[in-house]
Structure formats: structure tokens, C-alpha cells
Amino acid sequence: MSTAASTLLDLAEVRWTELASTRPDLRPAIAMQRSLVGRTIDTVERLAATEITDITLEPALAATKLRAATPVLRGEVLALPIDLLGPLVLHACDDLAEGGAGDVARHVRACIDAGRIDMSSLLAASFDRNQDAIRIKAMHESIAPDVLWLAAELAVGPAAYIAQRAVFAPQGGEPHASVTGALGAWPHGYCPACGSWPAFGEARDGVEQLRCSFCGLGWQRDKPACTYCDADQLTAVKTDPSVPQRAELCGNCGAYLKWLAPTAATPFELLPIEDLASMALDVLAAEQGFGRPSLPDLGGPERLPCEGLET
Ligand SMILES: [Zn+2]
Ligand SMILES: [Zn+2]
């Protein structure tokens, strides 16, 4: 393991230890995260060392897509490494089974083990955020759509992260000026890389960054309006009035978004930890009748149900 990876694991351990002492009720969730996050760290490192997920998207094309409200990875076909990512779907099923999903997750794994789901199509559908295709396949197989979706998402997320970095942080640096300009002008609440909703926002030094729940991209919110419906009927609630962390509730669409206040941007691999650590805000929002919306429907032929998952 590289120094960078072990540093991330050390950071994660510190957070889990703190969290377990303040919220003993979260220990089972933390145990599941130890397994999932550890694998994510390892997968990012392995993917970064290959060229398999390299995406060659010309900056001018990326900027054109952004200006047309299209996430840059949408419709891009990547050679996702099945040998590396496929086993991760199975491990994710095992972790979800251990973490409380039980037989529901074991049935999903059994279905994949039996060869009834084409792994390559599953990974591609997840990368392309095609929830309809995955839901319909799961229903055909009488397995839980949410578990199949989540297990695939946990496996493919690292590849989406590597792919978005190739566009937005090539060689770890700044993107092409045309991409920076188009990203700065992105007015939408969904991720400009993959089209998912943010997991939460991070408010730091007066700047509000939304963080994608799938690929981890950070992008700036340009106005204090609802991420999901653009309405400005927002109210904020807090679990503790003395801290900056808040949940923003939208009176128009009934959805909420958490705003955290870290001292530095959370690394992609550790986003689930901060999501779990701020769970009190999710509970507070849910108690008031607010929820998280399903994926945005961005239209396009690739959103239609497809039979690609059939073996
Ligand atoms: Zn994204
Ligand atoms: Zn709204």
C-alpha cells in the first residue's frame, strides 16, 4: 500500500474511533464502512495505476456538453475493468448482508454468482447512472433493486472518480480553461461529471461546494437555491445551534441537503464517513418529513430501459 493510501486509512480510523465513542449506536455501520472504505481506497489506487479507465474527452467537447447541461461522462463509453470491479460488487453484497440487509443482499449475490446478470452490462449501466435498466433487471430476477444498484455503485464509484479527475483535474492539475469556464457557469444541482445528486455540501471559507455522491466531484453552488428544484424556499435546521452544520429543507419539493463545515475538502474515499458522521442531520430532516430525491431524470435514449443486462 502506498503512503497516500495508508494516510487515508489513518484519517479514516481517527474519524471512526471518534464516531464510535460519541455514537455507540453507529458501531455496526462503522464496521461495514471499515470494509467498504478500505476497498475503495485500494481500488482507487489500483485504477490510478492502470490506463484502463483513461478517458480521452477533448476539453472543447467537455465544455460544450457542460454548456448543454449534460454531465461530461454521460454517454462516454469506458472499458471498465471487469476483473477488478466485478469482485467488488460481490464483496459489497457480502458487506451489505453483514451490515443488516441479510438475505436480501445474499439473494442478489446468489443471482450474480449464478450468472444471471451480465457483469459487464451491470457495471456499464451503473457508470452511466441508468437506474431504470438495473431496476428492471432486478425485478425480472426477483431480487432487491436497491441492493443491486447500491452494490454496483459501490464497485463503480472509484472508476467514476478516476474518470472525472481525468477531465476536471488532469494529472492532478487544473483543467483546460474552457472546462473551468463552463464548470464555473454550471447552474444545476446535479453533478457536472456524472449527473448524480450531491451527497452533501461543504461550506469552507465562504465558499459552498457540492460533493457528488457517486464520483466525488466538488463543484460550487452558484446561488442559495434548492439543489434539486431550484426554488428559493429554503429553511435551515440544526441539531446543535452552536455548530455551522445544517440541513437545508426545501419547502417546494420536500427534499433536503446537508451542509457540513470541514476544514479541508473531504477526500473522495472518505466521503461516506462524513455522510455517516452527520447522520443526526438526516434524522432531523426525516423527522420533519423531508427526504432525498431519486436520481435526476436527464432524459436521452440511454435512460430508457434496456435489455443489456440480460445474459
Ligand atoms: Zn458525479
Ligand atoms: Zn426543492
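Biologist: Hi! Which residues have the most contacts inside the largest nonpolar core?
Modeller: Those are L123, L148, A151, A152, A155, A160 and A193, in a core of 87 residues. By nonpolar core I mean a set of buried Ala, Val, Leu, Ile, Met, Phe, Trp, Tyr and Cys residues joined through C-beta atoms within 7 Å. Buried means that 20 or more other C-beta atoms lie within 10 Å of the residue's own, with C-beta atoms placed from the backbone. This is a predicted model, where local features need pLDDT of at least 70, side-chain atom pairs count only at pLDDT 80 or more, and totals for chains, interfaces and linings use all residues. Residues are numbered from 1 along each chain as its sequence is written, while chains are lettered from A and ligands numbered from 1 in the order in which they are written.

Biologist: Which helix gives the most to that core?
Modeller: Helix α8, residues 145-168, with 16 residues. Helices here are DSSP runs of H or I with at least four residues, strands are runs of E with at least two, and both are numbered from the N terminus.

Biologist: And why does the core lie between the two domains?
Modeller: Because domain 1 (3-170) and domain 2 (187-287) both give residues to it. Those bounds come from an automatic or database domain assignment.

Biologist: Do β1 and β6 run parallel or antiparallel?
Modeller: Parallel, with two bridges joining β1 (198-204) to β6 (256-260). G201 stands opposite W259 in β6.

Biologist: Last one: what is the mean pLDDT?
Modeller: It is 92, and 95% of the residues reach 70 or more; pLDDT is the predictor's confidence in each residue, from 0 to 100. Over residues 301-307 the value is below 50, though beyond near neighbours in sequence that stretch has twelve contacts in the model.

Conventions. Buried ≥ 20, exposed ≤ 12 C-beta atoms within 10 Å, placed from the backbone. Pairing = 2+ DSSP bridges. Contact = placed C-beta atoms within 7 Å.
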